[in-house]
Each structure stands twice: as C-alpha cells, then as structure tokens.
Amino acid sequence: MAADIISTVEFNYSGDLLATGDKGGRVVIFQREQENKSRPHSRGEYNVYSTFQSHEPEFDYLKSLEIEEKINKIRWLPQQNAAHFLLSTNDKTIKLWKISERDKRAEGYNLKDEDGRLRDPFRITALRVPILKPMDLMVEASPRRIFANAHTYHINSISVNSDHETYLSADDLRINLWHLEITDRSFNIVDIKPANMEELTEVITAAEFHPHQCNVFVYSSSKGTIRLCDMRSSALCDRHSKFFEEPEDPSSRSFFSEIISSISDVKFSHSGRYMMTRDYLSVKVWDLNMESRPVETHQVHEYLRSKLCSLYENDCIFDKFECCWNGSDSAIMTGSYNNFFRMFDRDTRRDVTLEASRESSKPRASLKPRKVCTGGKRRKDEISVDSLDFNKKILHTAWHPVDNVIAVAATNNLYIFQDKIN
C-alpha cells in the first residue's frame, strides 16, 4: 500500500529509540531491548514501542490545494526527563509530540466510581486517599505544540539547534527559526524568493544546524551549492558567511548536468568539522575550512551515468537520496536502486555495496557484498546494470549514534542490520 511507504527514518540521541514516518501520516517508534544478562553476547533487538497518527490529510480552501499527510522529516529532541519528545512535519505543519509511559493508575477517588461515573454527593460519607496501583505498561503519544501557517511552499527540512530551545524549518524558498515554546510566530532567517518568480533559478533543498555552534547553519540548493550562514552577523541571513561549490568540468557537461548536481541532503559530521552532501550520483565530504572543493568524493552509482536519459523519462532522476554518518564520523552511508545501499570507509577508502532483502534479513544472516557490471562478461555473483529494479530504492537511511547498527528503509520495509558479535 502507498500509505505504508516509509518517508523518513531517525534514531534518537541515545540510539535506544528509532522512529519512522510514512506516507499515511503515521509515526512508528521502535525500542531497543535491554541486553540480556544471561546471554552477554545477545544484542538488544528493536521492537515496536508506539504507533500513532501524526498528520491527517488536509485541504487548503484558499488555494484549492490538498495537503498530504505524508511525514517528510522526524527530529528527536535531546531527552531531559522520563518522557521523549520529537518533531514531525508534513508539507505545511510541524508538530511536537510527547511520548510517555504509564505503568500505574490511581484508584480510590472520592467523587468518582472506579468506572469513572460521578458519585452521588449525598452518599459520600468518608474521605478516601487515592492509591497508585500497577497496571500494564501504556505508551502515550500526545501533541504538545502545533507550528502551522508559516510556510508557503513544501517543508523539506527541520533541524533542532544545539541550544535545545530553537529549531529551523526550511521550504523551497525560505528558512524559518522557531522557539520550541512559541507556536504563533517564527522568524524568517533566509528568503531567496525573487521579486519576479520568473527569475527563479534555484531552490533550497535541505538545511541543518551545526551540531555545536548554535549560531551556524547550512543550506543546500538545487544548483549544487552549499551556503553556511552565521546568525550573529545579521537577522536575515541572505548574505552567507561561506559558499561551497565545486567547479564543473566543462568536458562532462550534458543536458542532465544541472539536475544531477542538485543536492538532496546535507549533514554535518558529529564533530562539526565536516559536512557531507548527496547529489544524484555521488556523496561529497567538505571541510568547513575549505570552500573551493570537497575533500572527498565517493561515487555511489557511476554506472547510471549512461542511463540518465531513461532515468529522466521515468522521473527517477528526481529521486532525493539521503546520507548519514556513523557515530565516529569514520564511515558514511547512502542508498541506491535495486534495494542497494552503499557504505564508504573514510580511513581505508574502501567501499561496499549491500542489499536489503528478505533473504539478508533472516536472523544471523550476514550481508554479502554485491557488484554491478556495466558491460562485457558478467561474473556469477554480479548483477547487470540493465537488470536493476528502479522501483526498489533506498532513499532513507540512519546510523546508530554509538553502535554499528543501521536502519534502512526500502519502500515499505524497514531493515535493521548490526555488526557481528564474535
């Protein structure tokens, strides 16, 4: 079913919870089981912890537009108490959800019976002290804030600031700054909308706050550029502090150059020294101190360069792949077609192609590297580029913040893999 297609995947700060959002507006949270003391080598598995409907389909009567319920992004807030908080957004509305547990209930009210009906005041002859009794664990998701009516265009990013008080939301032409406690207003910090929309040449594709410096954020564009902004310099960050762009090789220019250079995702490394961008064919790692070119370029599926014409015709060329860092910033991961996903080790420069499939998801099964051949003789374990399935695509991936555990969304299936324990 189309409503079951996963549209975002996100670990929380500890990695104990994993949230997915889907096209049907639902959020499913998985919780990692605690390690079993009797079996020290057993690693906690992720089981469903809570499921709730985050967004419903809406209709904008002023513009005669249907607003999909699809969850575009989920971002966790750092945990401050026993409850968990997360932000989820569709195209127009951001919601702050509180996820809390209840395993006790009060019994022995004075004014109510146990079934909740009010008692006759004249029959109350004694004063009772309510007591707490244990009950089956209940996980409740309740909306705490709704941040609406601030975006004319579709929201593509939300990012929580390191001050834990503010967050940004970005659409095609604007980026807004919100305070988590204030829902009725936000501050517009970037506006690239031209006075005449016919002069529009680029749109914002992704935005993210720096992990440690609360005044710094970056946003990427459909032209393959990244702008780093400092909110201390001015209230409206129309002038960037740094501008990252790789000069294009004129010899490889083609009709598709502009489309495939559009950046679909930008992510800061955990250290805050680097950032990673994903375009259609590659992943690039940039040093924040060097704007002229990336320090690393990893080809994700270079063999598709010869197929760009058919990928344009079936609209796959507009797919927006995401990318993620591992906990120590030593490896990166991103998705591809045929349910393949790619991992690049930054230290050894080795890379591997893995497949998310039913066979590989059996317990204790190990993932075998896959190879794609582009022509000539095909070896037994290779797959031909002509037989790749472009309907099977991995757009959303997430890496556990500490352990070698990854979550991979292949259309409506979620795969969780972890490294082997000896």
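1. Two strands count as paired if DSSP finds at least two bridges between them. This applies to the predicted model shown above, where strand 21 (residues 282–287) and strand 22 pair in the antiparallel sense. Their pairing runs over four bridges. Within it, Ser282 stands opposite Gln299 of strand 22.

2. Which strands form the open sheet, and in what order? There are four, arranged 19-20-21-22, and the pairing is antiparallel. On average, neighbouring strands of this sheet are turned by 15° against each other, with direction ignored. As a general point, strands of a sheet pair through backbone hydrogen bonds, in either a parallel or an antiparallel way.

3. The edges of this sheet are strand 19 (265–268) and strand 22 (296–299). Each has a single partner strand, so one side of each is left without a neighbour in the sheet. For strand 22, strand 21 is a pairing partner.

4. Turning to side chains, a search of the whole structure finds 25 salt bridges. One of them joins Glu10 and Arg75, with the closest N and O atoms 2.9 Å apart. This pair links distant parts of the chain, as Glu10 lies in strand 1 (residues 6–11) and Arg75 in strand 7 (residues 73–76). The two residues are 65 residues apart.

5. Is Arg75 buried or exposed? Its relative accessibility is 13%. Buried means under 20% relative accessible area, so a residue below that value falls in this class. Arg75 therefore counts as buried.

6. A salt bridge also connects Glu140 and Arg102, at 3.1 Å from N to O. Here too the pair links distant parts of the chain: Glu140 belongs to strand 10 (residues 131–147) and Arg102 to strand 9 (residues 94–107), 38 residues apart. Glu140 is partly exposed, with a relative accessible area of 27%. Arg102 is partly exposed as well, with a value of 37%.

7. Arg185 and Asp184 form a further salt bridge, with an N to O distance of 3.5 Å. Asp184 has 62% and is exposed. The cut-off matters here, because exposed means over 50%.

8. Salt bridges can also share partners, as they do for Asp4, Asp22 and Arg26. These residues are joined into one network.

Terms used. Residues numbered from 1 in each chain as written. Predicted model: local features only at pLDDT ≥ 70, side-chain atom pairs only at ≥ 80, totals over all residues. Heavy atoms only, no water. Salt bridge = Lys/Arg side-chain N within 4 Å of Asp/Glu carboxyl O. Buried < 20%, exposed > 50% of the residue type's maximum accessible area, 1.4 Å probe, protein only. Axes fitted to C-alpha atoms, helices over the stretch in contact; angles between N-to-C directions.
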